[in-house]
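Welcome! Please take a moment with the sequence and the 3D view before we walk through them together.

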Amino acid sequence: MEREMIRESPLPPSAGSEPRGLATLSIDDTGPVYEGIITDPPTRPTGLYVRVRNMVKHFNTAKGLFRAVDGVDVDIEPSTIVALLGPSGSGKTTLLRLIAGLEQPTGGSILFDDVDATDLSVQDRQIGFVFQSYALFNHKTVAENIKFGLEVRKLNIDHDKRVQDLLALVQLQGLGDRYPRQLSGGQRQRVAMARALASNPRLLLLDEPFGALDAVVRKQLRAGLREIVRSVGVTTIIVTHDQEEAFDLADKVVVFNRGLVEQQGKPTDIIKHPRTPFIMKFVGETNVVPATSLLAKRMRFSTPRSLVMFRPHDIKLFKSPPVEDTPVTVAATVADKANLGWTIKYLLRFDDDVECELHLTRDQDENDYNLVLGSRVFVYVNPKSMMGFNKSDIDSTPLV
Ligand SMILES: Nc1ncnc2c1ncn2[C@@H]1O[C@H](COP(=O)(O)OP(=O)(O)OP(=O)(O)O)[C@@H](O)[C@H]1O
């Protein structure tokens with residue numbers, strides 16, 4: 001059974017946020033369901049420069065004040081893609097909704113270019129939205145769905161030409177006459193994208209846009225999105241908890257934890273130079289060993305904290321002890337081997353029963369190691385690549 005409705009607000013309203021003049025729709029369907037809003041076209045076609053200053057959003061809950069966003073500063077440069085990444089409940093979507101004007105901040109400000117946009121209405125923000133739960137009208141064709149955004153805004157342009165241009169942009173040429181049910185999930189999401197871009201917004205907000213799709217389609221859409229953003233020049237903010245998506249797509253990644261930004265910067269900077277134990281643990285894989293373990297001690301890594309982490313690929317492995325003990329190594333036994341296609345994971349057990357993983361590419365393993373279970377190996381980890389931490393440093397439980 002199909003249910004369709006048009007309503008004024010795209011999302012369940014929350015305290016103090018009553019977006020005006022938005023048209024959205026939700027449909028019960030077997031495929032992905034999407035929601036979307038299109039606001040007025042901008043006066044300039046270039047992307048918006050978004051600056052978020054000391055943004056705070058507290059919610060009153062039965063358990064007390066909930067600090068969903070607790071003093072966030074983010075700069076989003078024009079025509080770039082910024083990914084908001086973080087564990088569930090860390091405040092990503094709340095910040096996106098604040099930027100959209102769907103939530104009223106408890107404190108702080110939002111600047112669009114150099115203009116204070118904190119109190120702007122949603123439609124005055126000139127934003128395109130794509131949500132995972134974006135509803136396409138099932139009784140309208142693809143072209144009519146895209147045209148919808150233009151019609152509700154009464155834009156004085158050639159609608160048919162605009163729709164054809166948008167179909168070409170999202171590589172759905174020739175599919176304008178199809179109905180959403182005749183499209184794959186990935187194609188529907190591209191229609192959602194075309195619809196969000198129909199009014200030529202200066203800012204595109206995407207909330208887990210590919211969440212309902214499989215890995216291969218996600219990858220294709222990612223590449224498509226990157227090209228679209230480059231060609232249209234729209235500033236884009238994407239909320240995701242898929243790290244690969246964030247690091248592959250974004251010019252800048254902003255990592256959230258407990259309503260705060262733990263680190264923001266270029267993807268490679270965050271990967272190579274994690275600033276906190278939370279980032280180190282959250283981004284990429286880590287081995288965790290006690291600070292009192294044989295490994296930590298022998299590597300002369302000293303920390304006042306109880307635990308030590310390091311990346312599996314930071315292990316240097318020797319099949320026999322290095323000559324004259326340089327570098328200094330610790331003996332371990334090969335306890336397990338997992339063959340994961342292009343990656344081989346070994347489990348190494350030290351003589352104090354502490355374990356760690358070693359990750360090798362298949363080629364590395366075949367050419368240099370090919371370790372036998374039970375064999376003895378010698379492990380070196382540069383102490384500079386180690387980080388000391390306490391369990392509480394990596395806790396991501398939202399704070400109430
Ligand atoms: N209207 C509200 N009232 C009370 N609490 C809320 C409200 N909206 C969001 N929250 C809480 O704020 C926290 C942050 O939510 P938010 O949706 O921003 O997280 P998120 O990082 O996007 O998480 P996810 O990846 O799971 O969507 C959550 O714990 C959520 O329960």
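How far is an oxygen atom of the ligand from an N or O atom in the side chain of Thr93? The distance is 2.8 Å, which falls under the heading of a polar contact (a pair of N or O atoms within 3.5 Å; within protein, one must be able to donate a hydrogen and the other to accept it, and residues adjacent in sequence count only if both atoms are side-chain atoms). Before going on, note that this is a predicted model, where local features need pLDDT of at least 70, side-chain atom pairs count only at pLDDT 80 or more, and totals for chains, interfaces and linings use all residues. Residues are numbered from 1 along each chain as its sequence is written, and side-chain values use heavy atoms, with hydrogens and water left out.

An N or O atom in the side chain of Ser88 is 2.6 Å from a ligand oxygen, and a polar backbone atom of Gly91 is 3.0 Å from a ligand oxygen. On its own the ligand has 630 Å² of accessible area, of which the protein covers 66% (by the Shrake-Rupley method with a 1.4 Å probe; for residues, only the protein chains shown count as cover).

Now look at the sheets. Inside it, E3 and strand E6 (residues 107-112) are joined by 5 bridges, and Arg53 stands opposite Ser109 in E6.

A second open sheet has 6 strands, ordered E8-E9-E10-E5-E11-E12, and its pairing is mixed. Strand E8 (127-131) and strand E12 (260-265) form the edges. Strand E11 (residues 252-257) pairs with E12 in the antiparallel sense over 5 bridges, and Val253 has Gly265 in E12 as its bridge partner.

Finally, step back to the whole chain. What are its domains? They are domain 1 (4-37), domain 2 (50-272) and domain 3 (286-391), with bounds from an automatic or database domain assignment. The C-alpha centres of domain 2 and domain 3 lie 41 Å apart.

Notes. Two strands pair if DSSP finds at least two bridges between them. Helices (H or I, at least four residues) and strands (E, at least two) are DSSP runs, numbered from the N terminus.
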